[in-house]
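This briefing covers the surroundings of a ligand and the pairing of aromatic rings. Please look over the sequence and the model before reading on.

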Amino acid sequence: MAMVSPSLLSADFGNLERDIAMLNQSECDWFHLDVMDGVFVPNISFGFPVMEAMKQHAKKPLDVHLMIVEPQKFVKQVAALGAKVMNVHYEACNHLHRVLQQIKAEGMMAGVTLNPHTPVNVLEDIICEADLVMLMGVNPGFGGQKFIEHTVDKTRRLRELIDKSGSRVLIEIDGGVNRETGRRLVEAGADVLVAGSAVFGAADPQEEIHALRSL
Ligand code: DX5
Ligand code: ZN
């Protein structure tokens, strides 16, 4: 069984209240919110005013994924939003150890995200400081991209690294997740599946969430 964190990036932004109400009624565990700055990734999504509005309606914990440079500048603002998880990119942090301490000091789960090109072994000396590691299954910036197959093997290697460290870090996968890739990712050791287009593009999104959760 996997936890499911649907990505609101694929929601209908003109009907956010309706889509969030649908997710509230679903079996999903978290709401995945993708923040993009047009610098760290070649796209811009939404920021704090929109997330504040989403939060007013959301009845599930917020899983915030910052695809931005200098994410350490926004730890307090993400905490003020009441987020459960704050995911920062390994590639965006010069002082990752400090950023993770700052996130935890604000009472949030500290998540480290790796781009597809970043090997899991760079986490060796930081794994015990993280609550969660998120592997990108696509290059970040857009929903609906093709899953990078390599991510399954990478998930397996991350599982080994975590088990060897004796820590209880969660593995989350973001990008290209559907029932088929999700099944293999859960087999490889994933705990949390992010799904945008698979959920919002489904004829019955709630049924899709149920299916992903049952993997
Ligand atoms: C991509 C975002 C993802 C995105 C996933 O940069 O981080 O969360 O919404 O979309 P799908 O599930 O469609 O690949
Ligand atoms: Zn994301």
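Helices (H or I, at least four residues) and strands (E, at least two) are DSSP runs, numbered from the N terminus. The model is predicted, with local features needing pLDDT of at least 70 and side-chain atom pairs pLDDT 80 or more, while totals for chains, interfaces and linings use all residues. Residues are numbered from 1 along each chain as its sequence is written, and side-chain values use heavy atoms, without hydrogens and water.

**Shell around ligand 1**
- Ligand 1 has 20 residues around it, and G141, G144, D174, G196 and S197 come nearest (near: a heavy atom within 4 Å).
- β2 (31-36), β3 (62-67) and β8 (192-195) each give the shell at least two residues.
- The largest share, three residues, is that of β2.
- By class, the shell holds eight nonpolar, ten polar and two charged residues; Ala, Val, Leu, Ile, Met, Phe, Trp, Tyr, Cys and Pro count as nonpolar, Asp, Glu, Lys and Arg as charged, and the others, Gly among them, as polar.

- A side-chain N or O atom of S7 is 2.8 Å from an oxygen atom of ligand 1.
- For the side chain of D34, the corresponding distance to an oxygen atom of ligand 1 is 2.9 Å.
- G176 contributes a backbone N or O atom, 2.8 Å from an oxygen atom of the ligand.

**Aromatic pairs** (ring centres of Phe, Tyr or Trp, its six-membered ring, within 6.5 Å; planes under 30 degrees apart are stacked, over 60 edge-to-face, the rest tilted)
- The count comes to two aromatic pairs.
- F13 and F46 pair edge-to-face, at 5.8 Å centre to centre and 80° between the planes.
- F13 lies in the loop between β1 (3-6) and α1 (16-25) and F46 in the loop between β2 and α2 (48-57), 33 residues apart.

Technical notes. Chains lettered and ligands numbered in written order. Polar contact = N/O pair within 3.5 Å; in protein donor to acceptor, adjacent residues only side chain to side chain.
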